[in-house]
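Subject: Structure for your review

Dear colleague,

Please find below the structure that I am handing over to you. My findings follow directly after it.

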Amino acid sequence: MDKNKELAKNTAIITVGKICTQFMSFFLMPLYTAVLSTEEYGIVDLVVTYTSLFLPVLLFQVDHALFRFLIDIRKDESSKKRVISTCMMFAIFQVIVSAVLFGIIQFFIAAEYKWYLFYNILASIFANMMLQSARGFGDNVTFAFGSFLSAASQIAGNLVFLLVFDMGIYGMLYATILSHVFTALFVFFKEKIYKYISVKNADKQTLKEILKYSVPLVPNALSWWVLNASDRTIVMVFIGTAANGLLSVGHKFSSVYITFYNIFNLSWSESASLHMNDPDRDEFFSGVISNMFKLFVCAGIGITACLPFLFPIMINEKFSEAYGVLPVFLLGSMLNIVVGLFSVIYVALKKTKEIAKTSIYAAVINIAVHLALVNFIGLYAAAVSTAVAFGLMALYRYFDLKKYIIIKFPKKWIFILAAVFGITCYFYYFGNPLTQFAALVMVAVVSVIANRQLIADGAKIVKNVIKKIAKKRES
């Protein structure tokens, strides 16, 4: 299969599994922001945030290594048993050690929600291991449905626990934990993972190779946590928990946006690993990166143009102070996507140390800028520091990757889209509904022009699918 078609197919499969639930979760924000106070919403967000902090520390990013190593041995059953058994035995060992340590230190932790955080981390470990196994097998359908099940069960749990049992913040925490459990069980039995797990198949040498790949990803993950989540901690300390609720709402729109890239990134990382050694790799990588840059940046600018009309409908008025910070967070997310497009190449080359190094630099910059600005511009410091850190990391990785691969970037469109974003932001802050609508039309026109080739290719794919369906019906 053609590499671009393969990438498009895998992306489409994963998108179907995630897009519906992401939209459902997004459009349920009026419920969440109405039922919970700004402080309660901030606490739920902190539990999820700290889960993303402790998960890579406890698991050593072995789940990511599981996916990468399985790609190379998909047709070798004995090797799959060895790799999966080794990773699962390590994960179980880490869970036992973590449970013992937490059982001791929890007496010294006064936080009311500490056990919810701990159980969420454990459930996330096994859900991640199962999902990455499915990806490693190349079964993107099961991975997509598992992701769908996770999001759908969490949304259903939120509705039941909030509306039926009126459990408030505790209901949302229960729903989050149970969604991970359901996902882990589904993939475990669907992929028959139990057939690949055995203590006798676990291998020390394999574990060394896996940890050699995965351990450098731990500081990388921590750096990403700093880039994406340390804002909450700094805001909580300097401004307060209620402000963290505003920050969470500010992140929500950019999080939905970045989720769409993350869906693509799942198939992009697989394709990059499979085709890294192809003779036409430079052309393939340059084409994908250029097209996705234009597509996702246009999408980010489009969301910014839509926000003046969406925000009053989607968000309860007690969170209205978050309105001003949204475009800056979206700018950070656009730069985050550029970083992600480059990061996949490091993963394909197994250059995890390079990933860690650049991420650590960006994390330090993020904290420094945030701390320097928080007393002057308050909530805006979180968004500005994130955008600065991602921007500098994108520049560094672009030039650093020239040592391994030649990437042709669409420089002309960088300047065009930067100008369009600037105009859109001006009307976002200082315009009226009429000028804001005019900005939205401008963004739509520019987006069509920038992505005309992708639109044409997408139209061809849709036509071919319709023709195939018609032929099947006729036969």
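The contact between helices H13 and H16 brings together Leu 326, Pro 327, Val 328, Leu 331 and Met 334 of H13 with Phe 421, Cys 425, Tyr 428 and Tyr 429 of H16. By class, this contact comprises 9 nonpolar residues, with no polar and no charged ones. Please note that the model is a predicted one. The crossing of the two helices is right-handed.

Is Thr 304 buried or exposed? Its relative accessible area is 0%, and buried means under 20%, so Thr 304 is buried. Leaving aside neighbours within four places in sequence, Thr 304 is in contact with Pro 327 and Leu 330, and also with Phe 421, Thr 424, Cys 425 and Tyr 428. Among these partners, Pro 327 is one of the H13 residues that meet H16, while Phe 421, Cys 425 and Tyr 428 are on the H16 side of that meeting.

The chain has 475 residues, of which 52% count as buried. Among contacts with a separation of 6 or more, 83% are between residues 24 or more positions apart.

Two further helix pairs follow.

The axes of H6 (residues 114–137) and H8 come within 8 Å and cross at roughly 30°. That angle makes H6 roughly parallel to H8, as angles under 35 degrees count as roughly parallel. H6 passes H8 in a left-handed crossing. On the H6 side, the residues that meet H8 are Tyr 116, Tyr 119, Asn 120, Ala 123, Ser 124, Phe 126, Ala 127, Met 130, Leu 131 and Ala 134. Their counterparts in H8 include Tyr 170, Leu 173, Tyr 174, Ile 177, His 180 and Phe 188. The residues of this contact divide into 16 nonpolar, 5 polar and no charged.

Helix H4 (residues 62–71) and helix H5 (residues 77–105) pack at an angle of about 180°, with their axes 10 Å apart. The two are therefore roughly antiparallel to each other. H4 contributes Val 62, Leu 66, Phe 69 and Leu 70 to the contact, and H5 contributes Lys 80, Val 83, Ile 84, Cys 87 and Phe 90. This contact has 8 nonpolar residues, no polar ones and 1 charged. H4 itself is mostly covered, with 9 of its 10 residues buried. Among the buried residues of H4 are Asp 63 and Arg 68, as well as Val 62, Leu 66, Phe 69 and Leu 70.

Two residues in loops call for a remark on backbone geometry. Gln 61, in the loop between helix H3 (38–59) and H4, has a phi near 60°, a positive value in a residue other than glycine. Its relative accessible area is 9%, so Gln 61 is buried. Lys 192 lies in the loop between helix H8 (168–190) and helix H9 (204–214). Phi of Lys 192 is near 55°, again a positive value in a residue other than glycine. At 40% relative accessibility, Lys 192 counts as partly exposed.

Finally, there is Ala 34, located in helix H2 (residues 29–35). Which residues does Ala 34 touch, not counting those up to four places away in sequence? The partners are Asn 316 and Lys 318. The C-alpha atoms of Ala 34 and Ile 315 are separated by 8.5 Å, although the two residues are 281 residues apart along the chain. Ala 34 is partly exposed, with a relative accessible area of 44%.

Yours sincerely

Technical notes: Residues are numbered from 1 along each chain as its sequence is written. This is a predicted model: local features need pLDDT of at least 70, side-chain atom pairs count only at pLDDT 80 or more; totals for chains, interfaces and linings use all residues. Side-chain values use heavy atoms; hydrogens and water are left out. Axes are lines fitted to C-alpha atoms, for helices over the stretch in contact, and angles run from 0 to 180 degrees between N-to-C directions. Helices (H or I, at least four residues) and strands (E, at least two) are DSSP runs, numbered from the N terminus. Angles under 35 degrees count as roughly parallel, over 145 as roughly antiparallel, 65 to 115 as roughly perpendicular and the rest as oblique. Contact means heavy atoms within 4.5 Å. Ala, Val, Leu, Ile, Met, Phe, Trp, Tyr, Cys and Pro count as nonpolar, Asp, Glu, Lys and Arg as charged, and the others, Gly among them, as polar. A crossing is left-handed if the near helix is turned anticlockwise from the far one by less than a right angle, and right-handed if clockwise. Buried means under 20% relative accessible area, exposed over 50%, partly exposed in between (1.4 Å probe, protein chains only).
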